[in-house]
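Student: I would like to learn how to read a ligand site and a domain interface in a model. Can we take them in turn?

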Amino acid sequence: MNHEDIVRLLEQLRRKYKTQGRPQVVRAPGRVNLLGEHTDYNEGFVFPMAIDAGITMVGALNGTNQIQLYSLDFEASDRFSVEEIVPSSSRRWTNYIRGVCAEFKKAGLPLQGLDLILEGNVPQGAGLSSSAALEVAAALLISALHDWEMDRVELVKLAQRAENDFVGVASGIMDQFASMMGQKDHALFLDCRSLDYELIPTPFEQQGYSVVVTNTRVQRGLVESEYNARRQECSEAVEHLKRHLPGISSLRDVSMDQMPLIQALPPVLAQRARHVVTENDRVLQGILALQAGDLVRFGQYLNASHDSLRFDFEVSCPELDLLVELAQKVQGVLGSRMTGAGFGGCTISLVPQRSLNFFKETVSREYRAQTGLEPEIFVFSASQGARTMEAAAPPQS
Ligand code: GLA
């Protein structure tokens, strides 16, 4: 987001709402997960990075009890009172912001009227967390406008509650955490139980590789119901395992050397638990490989993660499998896997920079030939998490 864009958004704010208050600007990125899929709600490890696509929001207090907002992307507006914040069924995109506002109120904070304008470039419905970016942008901007001194991790938790309790999607904490806490040239190693985290340098570009994200352009209606079913199966697996391991409270507590106990579970539960336990291990091993500068080994963990998500956790789909297979066939590609919740959305691949054009051409051509769909291909760098930016002085009328 450059200076001209910020000035343009601030001008829109003033023109549309005649806003007088002191404006502020926030930018929050989407995320892509490198390793650690479907582990966050099992209190395990994840390893996402914030990407260089995000949502920019400008806003100011307006001295009323009304919250007014306008999305430049949707060319749509919304207005609601701080006294009564309920989900909207007609403008569902506003629920992420309504949810954040409702959570601030629930936390006992004196929410005031606001004018907000937003614009973004995170592909929607692609599993790159455009909704988490929206929640995080709203949480950071609204707290800044009210001068509430809030810890960033508290804001992450609040944004997750907006998603879980207000929007009604039972996601884990990874997406909001990555959007808020990411850092340029680093991926975020997060322990989803303690919320301890460490920023790990990503040596991809340095070693001549790019993180390539390829969108299947399919989105299965199944995502939500299957996501909830997987959560349920993971809890059932824990209940079974407790008979032998009474101290455990989640699959996070089960280690690789307890695999024989997992193999003895009813078959589907064994598959689900095997994925989570091996995936947690892949995050730890993958980080060691990265720290040793061993991208070849890191790529092998990506491939293994995909197989595990495909065969054990069963959250892939034919289009994701095809993209992964096509990517893995391109010479020099170190690894590829589905990323995000699954059932559509995107893959990530580690591609040599010198083969980027060849990768784009061959993967697109083959994918188009076999599915009739045109994939979208992005090259993302690890980027800074949410930040407030200097609002230029309001333009004079
Ligand atoms: C979605 C959820 C995350 C996480 C992933 C799977 O993106 O929002 O919390 O569970 O799926 O790893």
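Tutor: Start with the polar contact: a pair of N or O atoms within 3.5 Å, where within protein one must be able to donate a hydrogen and the other to accept it, and residues adjacent in sequence count only if both atoms are side-chain atoms. This is a predicted model, in which local features need pLDDT of at least 70 and side-chain atom pairs count only at pLDDT 80 or more, while totals for chains, interfaces and linings use all residues. Residues are numbered from 1 along each chain as its sequence is written, and side-chain values use heavy atoms, with hydrogens and water left out.

Student: How far is an oxygen atom of the ligand from an N or O atom in the side chain of E37?

Tutor: That distance is 2.6 Å. For the side chain of D40, a ligand oxygen is 2.5 Å from an N or O atom. On its own the ligand has 310 Å² of accessible area (Shrake-Rupley method, 1.4 Å probe), and the protein covers 92% of that.

Student: Which residues are around the ligand?

Tutor: A residue is near a molecule if one of its heavy atoms lies within 4 Å of it. Here the residues around the ligand include R31, Y41, S171, M174, D175, Y227 and G340.

Student: Why does the ligand lie between the domains?

Tutor: Domain bounds come from an automatic or database domain assignment. Domain 1 (3-202 + 383-389) and domain 2 (205-380) both contribute residues to the shell, so the ligand lies between them.

Student: What is the area buried between domain 1 and domain 2?

Tutor: Buried area is the accessible area (1.4 Å probe) that two parts lose on being put together, summed over both. For domain 1 and domain 2 this is about 3,200 Å², with carbon and sulfur atoms giving 63%.

Student: How many salt bridges cross the interface of domain 1 and domain 2?

Tutor: A salt bridge is a side-chain nitrogen of Lys or Arg within 4 Å of a carboxyl oxygen of Asp or Glu. The rule finds 3 across this interface. Elsewhere in the list of pairs, R193 forms a salt bridge with D253, their closest N and O atoms being 2.8 Å apart.
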